[in-house]
Amino acid sequence: MIDADFPRPVVPCVGAVVHDADRRLLLIRRGNEPHRGLWSLPGGRVEPGETVAEAIVREVREETGLAVSAGPVVGRVRIDGAAAVYDVVDLACVLTSPDQPLRAGDDATDVRFADAATLTGMECTPRLIETLRSWAVLPD
């Protein structure tokens, strides 16, 4: 899809805001560009024919091994990449099997739940912390 405001393709994407029972935030270390090696929310592209809810359930499972159910939209960001603009819809998600072990997979090289103190020491993707703070979804 081409957006009149952006001369490059706009790619629909999703991101998951997932908290565990201790209100820690689920994060993945990105294995691919953009921002390889930095911590971010699990997520990715919406495949043709998928809803955003279906995409986020699939992406979280692929990147973390966890099962979630998709909840409401908490925010939206546009990320200006070299070849495209990524239009990311972030959804609140609920763990459906909270005792499942974390397993980095697909585009993630590591996965963890982070509390506020841990999060401040992590190298995150640009504007992640500020954006999550503005949406009031940072961990306690």
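## About the model

This is a predicted model, in which local features need pLDDT of at least 70 and side-chain atom pairs count only at pLDDT 80 or more, while totals for chains, interfaces and linings use all residues. Residues are numbered from 1 along each chain as its sequence is written, and side-chain values use heavy atoms, with hydrogens and water left out.

## The overall fold

Let's start with the big picture. The chain has 3 helices and 8 strands, where helices (H or I, at least four residues) and strands (E, at least two) are DSSP runs numbered from the N terminus. Their order along the sequence is β-β-β-β-β-α-β-β-β-α-α. The radius of gyration is 14 Å, close to the 14 Å that the globule rule gives for 140 residues, so the chain is as compact as a globular protein of that length. Here the radius is taken over C-alpha atoms, and the rule is 2.2 Å times the number of residues to the power 0.38. Along the principal axes, the C-alpha atoms fill a box of roughly 45 × 30 × 25 Å.

Contacts tell us how the chain folds back on itself. Contact means heavy atoms within 4.5 Å. Among contacts between residues at least 6 apart in sequence, 66% join residues at least 24 apart.

## Surface and charge

How much of the chain is buried? Buried residues make up 44% of the 140 residues; buried means under 20% relative accessible area, exposed over 50%, and partly exposed in between (1.4 Å probe, protein chains only). The accessible surface comes to about 7,300 Å², and 52% of that belongs to carbon and sulfur atoms. These areas come from the Shrake-Rupley method with a 1.4 Å probe, and for residues only the protein chains shown count as cover.

The chain carries 15 positive and 22 negative charges, and their mean positions are 2 Å apart. Lys and Arg count as positive and Asp and Glu as negative, leaving out His and the chain ends. Each charge is placed at NZ of Lys, CZ of Arg, CG of Asp or CD of Glu.

## The nonpolar cores

A nonpolar core is a set of buried Ala, Val, Leu, Ile, Met, Phe, Trp, Tyr and Cys residues joined through side-chain atoms within 4.5 Å. The largest one has 18 residues, and Val-18, Leu-26, Val-60 and Cys-93 touch the most other members. Two or more residues each come from β2 (6-18), β3 (25-30), α1 (52-64), β7 (85-95) and β8 (108-114). The largest share, 4 residues, comes from β7.

Apart from neighbours within four places in sequence, Val-18 is in contact with Arg-24, Leu-25, Leu-26, Val-68, Cys-93, Leu-95 and Phe-113. Another core, of 14 residues, lies apart from the largest one and includes Val-17, Leu-27, Cys-124 and Leu-128.

## Back to Ile-28

Is Ile-28 buried or exposed? Ile-28 counts as buried, at 1% relative accessibility. Ile-28 and Val-111 are 83 residues apart in sequence, yet 4.4 Å apart in space, C-alpha to C-alpha. Leaving aside neighbours within four places in sequence, the contacts of Ile-28 include Leu-38, Trp-39, Pro-42, Glu-63, Ala-108 and Val-111.

## Residues in the loops

Two arginines are worth a look. Arg-23 sits in the loop between β2 and β3 and is partly exposed, with a relative accessible area of 28%. Arg-127 sits in the loop between α2 (116-120) and α3 (128-134) and counts as exposed at 53% relative accessibility. Phi is near 65 degrees in Arg-23, a positive value in a residue other than glycine, and phi of Arg-127 is also near 65 degrees.

Gly-65 lies in the loop between α1 and β6 (68-80) and counts as buried at 14% relative accessibility. Not counting residues up to four places away in sequence, Gly-65 touches Val-60, Gln-100 and Arg-103. Ser-97, in the loop between β7 and β8, is partly exposed, with a relative accessible area of 31%.
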